[in-house]
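Me: I am new to this structure. Please pick a single part, look at it closely, and tell me how it sits in the whole.

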2 protein chains.
Amino acid sequence: MPGDVCFGCGSSNVAGLQIRSFWDGEEGVCVWQPDGRHQGWAGITCGGIIATLIDCHCMATAMATAVRREGRALGTDPQYRFATGRLDIGFLKPTPIDRALELRARVIDVRDGRKFYLECALSAGGVKTVEASVVAVLVYRSNDPQAHGAQFGLGARRAL
Amino acid sequence: MPGDVCFGCGSSNVAGLQIRSFWDGEEGVCVWQPDGRHQGWAGITCGGIIATLIDCHCMATAMATAVRREGRALGTDPQYRFATGRLDIGFLKPTPIDRALELRARVIDVRDGRKFYLECALSAGGVKTVEASVVAVLVYRSNDPQAHGAQFGLGARRAL
C-alpha cells in the first residue's frame with residue numbers, strides 16, 4: 001500500500017514487512033522472504049508474522065477483487081479500503097525461515113455487499129504449511145463518506 | 001521467553017515485541033504498549049501485531065498452565081514448549097495505538113494430553129476490541145525427546 005504506515009503492507013513503515021500483492025489469474029499472490037528477525041523458534045517463522053502476511057495479503061486481495069468486479073483498474077475511483085473482521089488460521093506444520101514464502105488467496109463469497117470471505121494458503125518451498133479463512137469488511141468508499149466508520153460496528157465475530 | 005529469538009516474546013530479538021506474560025489468578029495477563037511501528041491504519045494497531053500478541057501470550061499461558069497443573073513452579077524440570085495449532089481471531093472494533101493493550105487468556109480445555117484450548121481477549125483502555133480462540137499443542141518435553149517433532153504431524157486444522 002503505497003505511502004501507508006501498516007506494519008505488514010505499508011511502503012512507508014521501515015520497520016515493517018512491506019509485502020506486495022499481485023494478481024495471478026483469479027488468485028492474489030504474495031511472495032516474501034523472512035529473515036532472522038521474523039523467527040518464532042530458531043529457524044521457524046513466527047506465527048504472528050505469518051498472521052500478518054495473511055491479514056495484509058487478504059485485505060489487498062479483497063480490495064482488488066472488489067475493484068475488478070466493477071470492471072475497473074486498480075487506482076481508479078472510487079477507492080475502497082477493507083478492515084479485518086476475522087482471521088482463522090490453521091498451522092499445519094512449521095514454516096522454515098530460510099526460503100521465500102508464497103501466499104495465495106481468493107475471495108470465495110461476498111455477503112451484504114461488504115463482507116468478503118477469503119481462503120488463503122501459505123507455502124514454503126512448495127509445501128503448504130498454513131491455511132486460513134479470512135473475513136474482510138469493506139469499511140471505506142471514497143465516494144460514500146457514510147461508509148467510513150462502519151468498522152466501529154462490526155458486531156460480534158460469531159455473526160460473521 | 002528469556003534468551004529466545006521469537007519476534008513476539010523472545011527477549012533476545014531486539015526487533016521484536018518482547019512481550020511478557022504473568023499470572024493473575026486463573027488468567028494469564030500481558031500488558032503491552034504499541035507504538036508507531038505497529039500501526040495498521042494510522043492510529044490503529046495492526047491486525048498482524050495483535051495476532052502476534054495473542055499467539056505468544058496464549059503459548060505462554062498454555063505452558064504455565066501445564067506446569068501449574070503438575071503442582072510445579074515455572075523453571076522446574078521438565079520444561080515444556082508449545083506450538084500454535086490454530087488462531088481464530090475476531091476483530092470486534094479498531095484497537096487504538098495510543099494506549100496500553102491488555103490481554104487475558106485462560107485454558108478452557110485439554111484434549112489428548114497435549115492440545116490446550118484457550119480463550120483470549122484483548123482490551124484497550126478497558127474496552128474489549130478483539131477476542132480469540134487458540135489451540136496450543138505441546139510439542140516438546142525436556143524429559144521425553146520423542147515428543148520433539150510432534151509439531152510436524154499436527155494434521156489438518158479441521159481436526160483440532
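Reply: Start with how the copies are compared: they are superposed by least squares on the C-alpha atoms of residues with pLDDT of at least 70 in both. Keep in mind that this is a predicted model. Chain A can be laid on chain B by a turn of 180° and a shift of 0.0 Å along the axis, with an RMSD of 0.0 Å. The two copies are thus related as by a two-fold rotation axis. Which residue of chain A comes closest to the rotation axis? That is A:Asp88, whose C-alpha lies at 2.0 Å from the axis. Both copies use the same surface: 100% of the contact residues of chain A recur in chain B.

Chain A holds 1 helix and 6 strands. Along the sequence they run β-β-α-β-β-β-β. Of its 160 residues, 49% count as buried. Take the contacts in chain A with a separation of 6 or more: residues 24 or more positions apart account for 61% of them.

Next comes the part for the close look, the largest nonpolar core. In soluble globular proteins, nonpolar side chains tend to be buried together. Here the largest nonpolar core has 90 residues. Six names touch the most other members: A:Leu53, A:Ile54 and A:Phe82, with B:Leu53, B:Ile54 and B:Phe82.

Terms used:
Residues are numbered from 1 along each chain as its sequence is written. Chains are lettered from A and ligands numbered from 1 in the order in which they are written. This is a predicted model: local features need pLDDT of at least 70, side-chain atom pairs count only at pLDDT 80 or more; totals for chains, interfaces and linings use all residues. A nonpolar core is a set of buried Ala, Val, Leu, Ile, Met, Phe, Trp, Tyr and Cys residues joined through C-beta atoms within 7 Å. A residue is buried if 20 or more other C-beta atoms lie within 10 Å of its own, exposed if 12 or fewer, and partly exposed in between; C-beta atoms are placed from the backbone. Helices (H or I, at least four residues) and strands (E, at least two) are DSSP runs, numbered from the N terminus. Two residues are in contact if their C-beta atoms, placed from the backbone, lie within 7 Å.
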